[in-house]
Amino acid sequence: MSASNSLSGASLTVQAAATHVDTNGSTRFTATLPNGEPADVDWSVAGGDRVAGPGTISKNGAYRPPAYLTGDAATVTVSATLTKAAQAQSVVDRVGTADI
């Protein structure tokens, strides 16, 4: 998976340890910058089961699905957005410095 953050122009690569997770399982998501460094992101989840919801994701990218599903399967969308601090650092990195 990959995503682009339109506010800072920074590109993110988002990866999941597993793409299919049972209701009693979990997986971890990571986000990295083009230079391979870990990205400081805010995670969110959407979709999921119509009753049980999408599950939860922690600040460090640990995803846990809901405890039950009302159907056989559910699709969840996980999103990563650069934090405000990371966006500010990205701007500083792009501005750079010059000796005069």
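Let's start with a pair: aspartate 40 and lysine 59 form a salt bridge, and their closest N and O atoms are 3.3 Å apart. The term means a side-chain nitrogen of Lys or Arg within 4 Å of a carboxyl oxygen of Asp or Glu. Strands here are DSSP runs (E, at least two residues), numbered from the N terminus.

A word on the source. This is a predicted model, where local features need pLDDT of at least 70, side-chain atom pairs count only at pLDDT 80 or more, and totals for chains, interfaces and linings use all residues. Residues are numbered from 1 along each chain as its sequence is written, and side-chain values use heavy atoms, with hydrogens and water left out.

Now the second pair. Lysine 59 also forms a salt bridge with aspartate 42, closest N and O atoms 3.6 Å apart. Again, distant parts of the chain are linked: aspartate 42 lies in strand S4, 17 residues from lysine 59. Shared partners join Asp40, Asp42 and Lys59 into one network. The count by this rule is two salt bridges.

How accessible is lysine 59? Its relative accessibility is 52%, so lysine 59 counts as exposed, meaning over 50% with a 1.4 Å probe and protein chains only. Aspartate 40, at 39%, is partly exposed, and so is aspartate 42, at 40%. Partly exposed runs between that cut-off and buried, which is under 20%.

Technical notes
Helices (H or I, at least four residues) and strands (E, at least two) are DSSP runs, numbered from the N terminus.
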